[in-house]
Structures are given as structure tokens and as C-alpha cells.
Amino acid sequence: FGYGNELLLGVLLLIGAGMSLSTGMLCRIAPFLCWFHLQSRRLAQGRLDPGMPTMRAFLPEQHMRPQLVTFSLALGLLLTVPWQTAWSVRLGGVLLAVASLLLWANLIGAVRLFRREARPRAAAAGG
């Protein structure tokens, strides 16, 4: 097993498997937890609002797609690490950082929607 193969295996395991699995789980679990907690909070308050956001509203697919594309490009470029193509490895690292920032922004967006929806509503005017 040569040094290049070890690097390739490391990239595949750490980034290809580890990061993609954890990112995928975060993109599914975080919206579920936001939805579930909001649902529980509303039930405890006796509110049965028909306007409750769906789980997909917390992290829409169109928000996840750029992160997935950027991550996939980064992984593809980082797989060139055994051949020591410096420009592709550097660009892959930058794209991996951008993909991580996009993931962070998506998760922050889900939390913002949760907080906005969790705020107590003012009573209807005139009553």
C-alpha cells in the first residue's frame, strides 16, 4: 500500500464517507428537531395553528443543492491528492470550506425560522 493510496483512502474515508454522512444527517435531523420542538411547544400552549411550517420549510432542498454541488466538487478535487496537483488540492480545500459555510448558513436559516415561528403571536385585534 503506497503513500499515494493511503492519502486517497484517507480522503475517501474522512471526507467522502465521514463528512458526507454527517452533513447528510445534519440536513435531515436539524429540520426534524426544529419542527418537532416547535410542534411540542405549540401543543403545550394549546395552539393548533394550521400555518405550522413543514420540515421541508426549515431546510428547503433548493438551499441544500448548492452545498451538495460545492461539496461534490471539493471531494472530486481532493481525490487528486495522491498526484500532488497543488492547484486542485488547494481549490478543493477552498471549496470544502465554502461547502461547510453553506451548511452552516443552512442550519442557521433553520434555527431562524424556528425562532420566528416560536415567538408568541399577538392576540387578534378587535375581539
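This is a predicted model: local features need pLDDT of at least 70, side-chain atom pairs count only at pLDDT 80 or more; totals for chains, interfaces and linings use all residues.
Student: How many salt bridges does the structure hold?
Tutor: Side chains of opposite charge can pair when their charged atoms come close. The criterion is a side-chain nitrogen of Lys or Arg within 4 Å of a carboxyl oxygen of Asp or Glu. By that criterion, the number of salt bridges in the structure is two.

Student: Which residue forms a salt bridge with glutamate 117, and how far apart in sequence are the parts that the pair ties together?
Tutor: The partner of glutamate 117 is arginine 42, with the closest N and O atoms 2.7 Å apart. Glutamate 117 belongs to helix α4 (residues 86-118) and arginine 42 to helix α1 (residues 3-44), so the parts tied together by the pair are separated in sequence by 75 residues. Helices here are DSSP runs of H or I with at least four residues, numbered from the N terminus.

Student: Is arginine 42 buried or exposed?
Tutor: Buried means under 20% relative accessible area, exposed over 50%, and partly exposed in between, with a 1.4 Å probe and protein chains only. Glutamate 117, at 13%, counts as buried. Arginine 42 has a relative accessible area of 3% and is therefore buried.

Student: What separates glutamate 61 and arginine 65 along helix α3?
Tutor: The side chains of glutamate 61 and arginine 65 meet in a salt bridge, at 2.9 Å from N to O. Glutamate 61 is partly exposed at 45% relative accessibility, and arginine 65 is partly exposed at 45%. Both lie in helix α3 (residues 61-78), four residues apart, so their separation is about one helical turn.

Student: Are the rings of phenylalanine 32 and phenylalanine 36 stacked or edge-to-face?
Tutor: Rings of Phe, Tyr and Trp (its six-membered ring) pair if their centres lie within 6.5 Å; planes under 30 degrees apart count as stacked, over 60 as edge-to-face and the rest as tilted. Phenylalanine 32, partly exposed at 35% relative accessible area, lies four residues from phenylalanine 36 in helix α1. Their ring centres are 5.7 Å apart and their planes at 25°, so the pair is stacked.

Student: Which helix supplies the largest share of the nonpolar patch?
Tutor: Patches are made of residues with over 30% relative accessible area and no salt bridge, like charges being joined within 9 Å and nonpolar side chains (Val, Leu, Ile, Met, Phe, Trp, Tyr) within 5 Å. The nonpolar patch covers about 680 Å² and is made by Leu21, Met25, Ile29, Phe32, Leu33, Phe36 and Met55; accessible areas come from the Shrake-Rupley method with a 1.4 Å probe. The largest share, six residues, comes from α1.

Student: Which helix supplies the largest share of the lining of the largest cavity?
Tutor: A cavity is a set of points on a 1 Å grid over the protein atoms alone where a 1.4 Å probe fits but cannot get out, and lining residues have an atom within 4 Å of a point. The lining is formed by Met19, Thr23, Gln67, Phe71, Leu96, Ala99, Ser100 and Leu103. Helices α1, α3 and α4 each supply at least two of the lining residues. The largest share, four residues, comes from α4.

Notes:
Residues are numbered from 1 along each chain as its sequence is written. Side-chain values use heavy atoms; hydrogens and water are left out. On a 1 Å grid over the protein atoms alone, a cavity is a set of points where a 1.4 Å probe fits but cannot get out, and a pocket is an open set with protein on both sides within 12 Å along at least five of seven lines; lining residues have an atom within 4 Å of a point.
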